[in-house]
Amino acid sequence: NTRTSIPHHNMALARRGGQLSTSRRKRANPHRPALHAAFRSSTLRETVFLVGLVVAIFFVAWTYHFIQLCLDLNTEGGEDHGDRKLPGLVSPERSKIESEARQLRGSASVDNERQSIKRSKATKGGFERFVGIALDLSGLEPNETLHRLDTEDPFGTRNFDKKLMEEETRLGRILTMEEIEKLFPCPQIEERITLPDFRIEAKAKAFRDGVKGTFLFFQHLRKAGGTNFCSLAEKNLPKRAQPRYYCMPDMAWSGNKNAGYLHSWSNEEITRRMKEHRIAGNEWENFDPTRHFDLPAVFATSFRHPLDRALSQFRFECVEDRGCHEKDIHRWWEKRSDLKNIYTKTFADPAVGAKRYFRGSENSQQRRMFMSTAIGTLSKFHIVLSMEWLAYAAPQVKGTLGFKDVSALVSWFAHEVT
């Protein structure tokens, strides 16, 4: 049967051909078994070598990590860690490793590092802590904030303020610095809100030295001692260096149309126009923290208790009939939304329409951001006065601005006090 014999014939030929091919390979390579055995032996040795290398690398890495851990424990914990032990390490071995670590790094460098950390903490001041308190308060609803201020006195100032007023009333005069220190001793460095100092002293010195082009940028908060401050400047600056209209030079710049609108002028325009004048008041617009600090100026402002400031403005505008015909203070206050949160808005300079963020728990984070910006701005001002304590500001004004006549600080004008 040819159909079945042909495949069998082919398979026989294939087997025979394979046997012939194998026999030829064996005859042609009589040493092949020896080479193959050698190859297997070489592969085994290489495998053992690679495994040993991996184990050695792992051991070295683990040892390095272990020693580094000991070093970190030694330098970070110091004596505060006491006799705390590492897992799986008995006390004598730990002592030996720590001793070697100190020798490697040098005990002197470790001591210097500790001293450096202590110095940095000591000079850090209390600014961050007090800002944290302010941000927490700003995140609350207004009634919650007022309740917290009334019941807790988180800044620790109410007791001093009360004692100061009692002593002034009893003595019928302002107190000396020695008397004030008895009521309010100078706090430790880490408790001072003025540290670290973010002010640029070189700008204040340039103003004191009369460097041409330098001037006093006064952020005038209405009914918070601004007129007093302008009078103070007038007593200490040459006549030609004073703007004609209440320390606001832009009245002349605008052709007698506007005064106290420095936010509307670019830094280049302000610098170019302030060649002669040495004070510029910004009363009706916010301070711009993104660019105003670039001006060649020393920066000052004056605050007043918010409720007293609002009442004073109502009296000035409405009771004394200066453009206001509303005699009910409650209705007047509801209409004057521009006066609410005025301190924060003035120094944070939020976008138009931001007043909606000052209420509601859902806007807590936004209020914290505004407060953070405002405080950060004020921390760079060379002088931040409190109208209630102007009589005690003479040393600061003399030292920072170089003014000699500070009589205006105690001579309050009637419309500022009432």
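Q: Where does N363 lie in this predicted model?
A: N363 belongs to the loop between α15 and α16.

Q: Why is N363 called buried?
A: The relative accessible area of N363 is 13%. Buried means under 20%, so N363, at 13%, is called buried.

Q: What makes the pair R359 and N363 a polar contact?
A: A polar atom of the N363 side chain lies 2.9 Å from the backbone oxygen of R359. A polar contact requires N or O atoms within 3.5 Å, and the distance of 2.9 Å therefore meets that cut-off.

Q: Which residues does N363 touch, not counting those up to four places away in sequence?
A: N363 touches R356 and Y357.

Q: How do you know that the span of helix α16 agrees with its number of residues?
A: Helix α16 (residues 364–378) has 15 residues, and at 1.5 Å a residue it should span 21 Å. Its end C-alpha atoms are 21 Å apart, which agrees.

Q: Which residues of α16 are buried, and how do you know that they line one face of the helix?
A: The buried residues are S364, R367, F370, M371, A374, I375, T377 and L378. Seen down the axis of α16, these residues fall within an arc of 155 degrees, so they line one face.

Q: What do the buried residues of α16 pack against?
A: They pack against α5 (127–138), β3 (297–303), α15 (342–348) and β4 (383–386).

Q: What makes helix α10 mostly covered?
A: In α10 (residues 226–234), seven of the nine residues are buried. These are G226, N228, F229, C230, S231, L232 and A233.

Note on methods
Residues numbered from 1 in each chain as written. Predicted model: local features only at pLDDT ≥ 70, side-chain atom pairs only at ≥ 80, totals over all residues. Heavy atoms only, no water. Helix = DSSP H or I, 4+ residues; strand = E, 2+ residues; numbered from the N terminus. Expected span 1.5 Å × (residues − 1). Buried < 20%, exposed > 50% of the residue type's maximum accessible area, 1.4 Å probe, protein only. Arc of directions from axis to C-beta. Contact = heavy atoms within 4.5 Å. Polar contact = N/O pair within 3.5 Å; in protein donor to acceptor, adjacent residues only side chain to side chain.
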